[in-house]
Number of protein chains: 2
Amino acid sequence: MAVIGDGSLSGGEAMEALNVAGSELGSNFIIIVNDNEQAIAETHGGIYQNLKELRESNGKAQNNWFRAFGLDYIYEENGNDIASLIKVFEKVKDSTQPVVVHIHTQKGKGYRLAEVNREAWHWCMPFDRATGKPTVDFGSGESYTSITAKYILDKVKNDKDVIVVTPAMPMSVGLGIEERAQLGRQYIDTSIAEEAAVAIASGIATNGAKPLLVTNMTFLQRAYDQISQDVCINNAPVTMLMNFTAFDGLTDVTHLGIFGLAAFTNIPNLVVLCPSSAEEYVNMLDWSIDQKEHPVLILIPGNAVAHRAADKSFGDINKYKVEQQGEKVAIVALGDFYQKGEEAAAAIENELGFKPTLVNPRFGSGLDKELLENLKSRHSLVITLEDGIVDGGFGEKIASYYGPSDMKVINLGLEKKFYDRYNPQQLLESLGITAEKIVERVKTIC
Amino acid sequence: MAVIGDGSLSGGEAMEALNVAGSELGSNFIIIVNDNEQAIAETHGGIYQNLKELRESNGKAQNNWFRAFGLDYIYEENGNDIASLIKVFEKVKDSTQPVVVHIHTQKGKGYRLAEVNREAWHWCMPFDRATGKPTVDFGSGESYTSITAKYILDKVKNDKDVIVVTPAMPMSVGLGIEERAQLGRQYIDTSIAEEAAVAIASGIATNGAKPLLVTNMTFLQRAYDQISQDVCINNAPVTMLMNFTAFDGLTDVTHLGIFGLAAFTNIPNLVVLCPSSAEEYVNMLDWSIDQKEHPVLILIPGNAVAHRAADKSFGDINKYKVEQQGEKVAIVALGDFYQKGEEAAAAIENELGFKPTLVNPRFGSGLDKELLENLKSRHSLVITLEDGIVDGGFGEKIASYYGPSDMKVINLGLEKKFYDRYNPQQLLESLGITAEKIVERVKTIC
């Protein structure tokens, strides 16, 4: 038996499976479609009209999307009623061919707040049952998510060419129901369909407008091929903006953001930008959306909001920025691990008595060879820091560059592992990514 | 206007797009479905029964897969007739909402050989018009493709648990119409649907049987997320066997195999095997299909078939093999670039007067740290060779490992670029991947 929500039916992997099941299996495969009339946000796409027709006709509508896949079909209106479900499962349990059991359910049934505020209750942290308010303190200061939502609303208002595209993840960048209403026709939700979202964004860019695709890092994997074949081969100026890119954002094994750098920085033509402050982040967004030369992937920082003066243009691709000129050791600290680089640089100066160089590479997808070459003259060790797995990521490119030279290189980042529900701070310590441990390692080499 | 063949409709990206088009666009988007009743091999899946019903009813069948997506629909039986097509396009050209124009065509129409032998004429090299025989000489000796087909037929015959799964690419491993008939129920073609193919293989493995998924390297990108989320998180013992993995296999920008190592070696738990001889290749296949511990990706070599004694088991994950013990320089030459390593080693011995060490790493996805550590005692330079882009690939992992040490490292491989219809030999020379150029570089370092 397979169980799928109506919101997930819009995804390519689900539809491919329905097609295969519809003729290739010849077994009693039972597919329960739990139709609660909701994706993460509202559903989008033509099939949801067909689901509505099926619900309203008690499963008898003439046109039936599931039957068109070659599947048997049975409808149950009372999807929240156990007795009704037992009855329908008894009907299909000895089926000799694949059958869809389409059940109609009410989202959040039994808890009034969840019944009413459907989108907000897609998931939640521990909460007070009476008020529905979280019992976890999220702090009240600025966050990269609120900065993003504000930026998008302003940008869309002032530039009619900007189109926000999302595969059902508007809340990933703080676009709630009200904000989406403000975006109007400059907003496209493809439902849970990352491949379509990327392909549509590519089409928008190719036709001269300015697509901004938003979702979580982990979901972008589903569109790996579209990004390579559709966006990057054609050099379509799509901006892809990812949230939950950090090692401590979502710590469940299926939702980790730590594989994004390794997955996407090795696709040709794709410019991967890793901002290290609020100013840099907003400037990168602005530059990326307006330029017409490059596909760009921007990783929203996962740490607390930092402030620092930043460049306005990033058209000089792979140009790193020296934030502190020093000697002996150069720390190249990418994106939201830049602050860890600052801490390490301060600790080295305090404890070892010399000022190291601190580089903000900004670009995760390529090398500033001129800068790296220049470092050779007064430095003997380069330390890279990145918020992602080391394998296939940013630092290894620098190790490879210096491979034939005398420069020593230490790559710090996460291991190639499916971490699951870990303690982020303990993990960093075990990997030697603390100012103290970095000082220890520098001592053994310099 | 979008044009799509019936065979491609089974792909998730196509179905996601139909869903979005069916309600989100509200424009005169015209989708031409060119239905010639053929994928690359025959079509598979429930929707093809619906297409048949639509053809046989002249588009009037009650159940209509396209209409179920919310799309308008029009059928044209005479898809090879220009006048009929003009007529139908006139009908839809001012449509105010998305419409599918389903046209029925004959594959290969006008050339008898192609009309009859539909699958063989999916593509061909230059050929003699009268006989249909290629005018290009492919040689007549053994090839890795013929070795593969023979291996699969034997294995399937002798082990009823082995199931071959392919997303419409049986010919990728030499499984023609006759061979598929021999495989019988131990063969599943998902049609062009890589996501479903990988998910089904994962299900087969999880249930204790032995899936062997076959296709071309370039197409596996479409299943990146399934491989990570479905196969690798669950450590499902799926064997994925890829052809056209080499830099000189297919040289069109959309079909390059050179990104496979960078894309897949950085996914946790996935064991990537890169055989360097026929014996090693077959032993790897045999080990992989029978073991129950690891997801495995095997890259079919792209070079001429080589013969050398090989190990039988690869259960000691990431254990490299020293094929020649030497000194000063160690060449670590992966997969079908192993023979280039042999040539370089011979040239170094001839021209520089010492015998270098030659390592056959076999595993593309991890490091043999014990071996790498041992190399430090009598070597000062490690040269890596891989048939793929250097960025994110195999050699950079070795450069990173040696980063903090005195060992010098040179990573040789391709650049992160969308190469297109290039001369392979010239490309290698420009990248310094010839025995002569390697000797030159060694001279400058040792």
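How many salt bridges does the rule find across the interface of chain A and chain B? The rule finds four, a salt bridge being a side-chain nitrogen of Lys or Arg within 4 Å of a carboxyl oxygen of Asp or Glu.

This is a predicted model, in which local features need pLDDT of at least 70 and side-chain atom pairs count only at pLDDT 80 or more, while totals for chains, interfaces and linings use all residues. Residues are numbered from 1 along each chain as its sequence is written, chains are lettered from A and ligands numbered from 1 in the order in which they are written, and side-chain values use heavy atoms, with hydrogens and water left out.

**View 1. The salt bridge of A:Asp406 and B:Lys408.** The closest N and O atoms of A:Asp406 and B:Lys408 are 2.8 Å apart.

**View 2. The contact of chain A and chain B.** Chain A gives 76 residues and chain B gives 76 residues to the contact (heavy atoms within 4.5 Å). Between them the chains bury about 5900 Å², with 54% of it on carbon and sulfur atoms; buried area is the accessible area (1.4 Å probe) that two parts lose on being put together, summed over both. In chain A, the most area is lost to chain B by A:Glu16, A:Lys416 and A:Phe418, together 12% of what that side buries.
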